[in-house]
Amino acid sequence: MQRFSAFSVFRRGLSDHQGWRPQWRRAAPKASYDAVIVGGGGHGLGAAFYLAKEHGLTNIAVVEKGWIGGGNTGRNTTIIRSNYLFDESAALYDHSVKLWEDLSQVLNYNVMFSPRGVMMLAHNVHDVQVFKRHVHANRCNGVDNEWLTPEQAKEFCPPLNIGQDIRYPIMGAALQRRGGTARHDAVAWGYARAADALGVDIIENCEVTGFLKDAHGAIEGLQTSRGVIRTKKVGVSAAGNTSAVLGLAGVALPLESYPLQALVSEPVKPAFPCVVMSNTIHAYISQSDKGELVIGAGTDAYTSYTQRGGLHINTHTLDAICELFPMFRRMQMLRNWGGIVDVTPDRSPIIAKTPVPGLYVNCGWGTGGFKATPGSANVFAWTIARDEPHPINAPFNIERFRDGFLIDEAAAAAVAH
Amino acid sequence: MLLIQCPYCGERPESEFAYGGEAHIARPLRPAELDDQQWATFLYMRRNTKGVHAERWRHARGCNRFFNALRDTTTDKFLAFYKAGEQPPALNPIPGATR
């Protein structure tokens, strides 16, 4: 691996930047591996990286039906935070935030993690009560979160309109200063490059078409569009297509796949200092380092696999953005797109063993998976390597739906999040 | 935005409708006799079909009645609309769609 540093950039510059090599090999599938990850997004590539780095499994592969980072990793609004209500969620998401903090150093790849603060707006008495409860619960769990008055919120984010003449005036806000954003593509590329350097094969354009099982029903291999791959361990990290992939193995999970859209504006000079979210009026916004406003909203109403949604969802979001930030009213929007997110009944993920021996699944991240990429990948790798969950992901099992131990962030947030 | 054919009111924009999830999930007649797994299956398990999906819609900003539809979730094209309580109409095989 060519290490990146200011010196290496300078040195390559002297030779007109001609000496750079591809950041990972274009691998072809081998006949067999110790483990195979299905899905080359951030979660899957990260799991491969941690399997190799922390568990010594280097004879492994990531198979991806398209190109890496082309699914929800490349389609999200890059918000990172850990201010979730329940203890289990706080542990999982904060594990992730802690890994984000030095991820660029660990991967030797600038993922541009920017803890610029995530501010969540309260617009009614219910919001105020719920967010204050979140603030207290988070503090008990060692997760930073603080309550702001409308004036303090405006001080933190000057473009914010705290006037009383809007449809849903702001009554306060919860601020997590350690939250922020990161560069989504760099997360996939950084994990891919670091995993490749440890010997992991990253195999693109390789779609799983079936599972091979032995006489006892345990995983023996994968059928793919590029041939049979023998392996005893398969970790599925396929986001919106998890139901389809696991269906091939005869495993059904409580998931529904919905389109989630996002959009960006034309790039402008730095104008927006933080991330602002409003669950109540369905909008969140930040400004990328490239200068675009990155805007997202809730899912479309219906299940779908099309990776697109209705324009009325975006216009509804922009109504809210324009009311909250009047200075953006004349901004032009450049692009909008959709991704397919797999949603569980309690809006918490599943990172667990499945009923099929040797088959593991990391799914159900719904609308909020990007923030969890490093933490999720880290505990998923543990689960695959040791055939048992890490204490952090143990509660995020499949049986919780049968046994009634939901981690009901859906009820806690009252919206998709 | 989808165009949806309410069986009672005709074709209207999606913004008049509320999505009702997967169709043809009957509430158990004797819930007390179900074990935990059966109850969880009724509550939470959905086909999440990639292909032709039978689903409920409600004309929330119209006649407010529930009805069913068949939609291909890989294209979002509607294939049929039918009233609640009716069985889904038989479809000619659709190229590329799986049930």
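**Interface of chains A and B**

In this predicted model, 13 residue pairs, both at pLDDT 80 or more, are in polar contact across the interface of chain B and chain A. A polar contact is a pair of N or O atoms within 3.5 Å; within protein, one must be able to donate a hydrogen and the other to accept it, and residues adjacent in sequence count only if both atoms are side-chain atoms. Zero salt bridges are found there (a side-chain nitrogen of Lys or Arg within 4 Å of a carboxyl oxygen of Asp or Glu).

On chain B, α1 (36–44) and β4 (52–58) each supply at least two residues of the side that touches chain A. Helices (H or I, at least four residues) and strands (E, at least two) are DSSP runs, numbered from the N terminus. The most comes from α1(B), with four residues. This side of chain B comprises seven nonpolar, seven polar and seven charged residues.

The two chains bury about 1900 Å² between them, 56% of it on carbon and sulfur atoms. Buried area is the accessible area (1.4 Å probe) lost when two parts are put together, summed over both. B:Y44, B:N48 and B:K50 supply 33% of the area that chain B buries against chain A, more than any other three residues.

Within chain A, A:S104 is found in helix α4 (residues 103–107). A polar atom of the A:S104 side chain lies 3.0 Å from the backbone nitrogen of A:V111.

Residues are numbered from 1 along each chain as its sequence is written, and chains are lettered from A in the order in which they are written. Local features need pLDDT of at least 70, side-chain atom pairs count only at pLDDT 80 or more, and totals for chains, interfaces and linings use all residues; side-chain values use heavy atoms, with hydrogens and water left out.

Key
Nonpolar A, V, L, I, M, F, W, Y, C, P; charged D, E, K, R; others polar.
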